[in-house]
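Here is a short report on ring packing and model confidence. Please read it beside the coordinates.

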Amino acid sequence: MSPKPTITIIGGGIGGLTLAAGLHLRKIPVQIYEAAQTFKELGLGISLGPAAYRAMSLIHLSIQQIHNSLVTTHADSPGYEEYLQTWFELVWAIGVYEGDVLMNLKALPSGQTALRRADFLNALVELVPADIVHFGKRLSNLVENKNGVVLAFEDWGGGGGLLMRMLLLVVMVFGPGGMYGYRAVLDMGDMVQAVGEKRARVATIYVGKGAYAISYPVMRARLVNIGIYVLSDEVWEYDSWVRPAVKEDIERDTRDMGRYVKGLVERMPDPSQWAIFEHSHFSTYTRSKVAILGDAAHASTPHQGAGAGQAIEDAHVLAELLSDSRVSSVDDVVAAFKAYDDIRRPRSQRVVTSNKPDTSYTPALLSRPVHVALIYGDADYPCNWFDGEAVSLATEYEHSKEFRSAGYTPFVVDGEEYGVTRESDKMMMYFNT
């Protein structure tokens, strides 16, 4: 039997490494080319959902075992076991209800499961032989010919490039997502001082005006990952997707976010400002001998915490397809890439779409003699409350200024509170708690 075609992976992030581990386990020839000189990651946190967790063991059982050895849950904080199935508690950051819990958002059965990205990647590297990884190789061009795909790297000297028969791209090429963020990791002791014991140990989303903040424990609750995300219409004009910032930047962006976020900001190290990117939908994730996966295919804003999980799902589908006994030639791999596109593109693009607000239809309705109600639930991932608020605040119509300044009031029926509303002439946003 002739050997299977070699799969070349460009980029060594979570998607690239999990796929490489799965292919190597299945004895499929694989090579990785990474632009950095080493696998080096910031110690920021990531959260992976149930679907990605199930996919891990299907790619390589050791990946799930690595995850289990590193993951932090609410059970790692003694006395907070009752929050084991909680994904996040939503807390009002500002206003008359500042500090009150808006809702307890569940993620059954496991609740919040978080780990440090750097720890996860460092462990994944151990599943991949060192001799198949090539560092310092930043892809500058690729050209397909009858023999395969010719790769050109920025540091390539002489020659016309490197010939590969099959190629998987995990590079990052996408556009702005309408916001930027600040991210950091704090010691648990500093976090307790900033927001108190419960808010430090229970994963929390702080809901503010035009921004929100998140926090969740990592490293067995010794550290806390925090992120502050600010809605913005400004064009990101920097070459890098991370730029140095100064304390005044984050203080300005969070001045209306209340005492909890102020406490976080006071204890954050010198901040970096992160652009939040997303992809417009591609018509395909593959073209002949080349396929894309992870953020290269479907980068999205972080509201559902699904980016890393979607890359792992990509890796699962590709590992299964490429290891099929019927896939033995280049033409077979091209067909497997097409099957991957058919399976993964609809699901991953739904995640991108549901992560961003769509304001296209609301102004047209409000220009007519009708009233518009935007209604969101307490466990509604596709129509989540964050994007609902973003839609309502971004909508331009005759009374939009009055709507934005109205604030939220309790929605009460027969003396019982069922949610909160923000209202002005012709438009109401209702959130069921």
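Tyrosine 206 is buried, as its relative accessible area is 0%. Tyrosine 260 is buried too, at 11%. Buried means under 20% relative accessible area, exposed over 50% and partly exposed in between, with a 1.4 Å probe and protein chains only.

This is a predicted model: local features need pLDDT of at least 70, side-chain atom pairs count only at pLDDT 80 or more, and totals for chains, interfaces and linings use all residues. Residues are numbered from 1 along each chain as its sequence is written, and side-chain values use heavy atoms, leaving out hydrogens and water.

The structure has eight aromatic pairs. Rings of Phe, Tyr and Trp (its six-membered ring) pair if their centres lie within 6.5 Å; planes under 30 degrees apart are stacked, over 60 edge-to-face, the rest tilted. For tyrosine 206 and tyrosine 260, the centres are 5.7 Å apart and the planes at 35 degrees, so this pair is tilted. The two residues are 54 residues apart, in strand E13 and helix H8 respectively. Helices (H or I, at least four residues) and strands (E, at least two) are DSSP runs, numbered from the N terminus.

Ring pairs also join Trp87, Phe88 and Tyr216 into a cluster.

Now confidence. pLDDT is the predictor's confidence in each residue, from 0 to 100. The chain averages 83, and 84% of the residues score at least 70.

| Element | Residues | Mean pLDDT |
|---|---|---|
| Strand E10 (lowest) | 162–164 | 50 |
| Helix H6 (highest) | 197–201 | 97 |

Over residues 157–162 the pLDDT is below 50. Where pLDDT is low, the predicted coordinates should not be read in detail.

Note on methods: Contact means heavy atoms within 4.5 Å.
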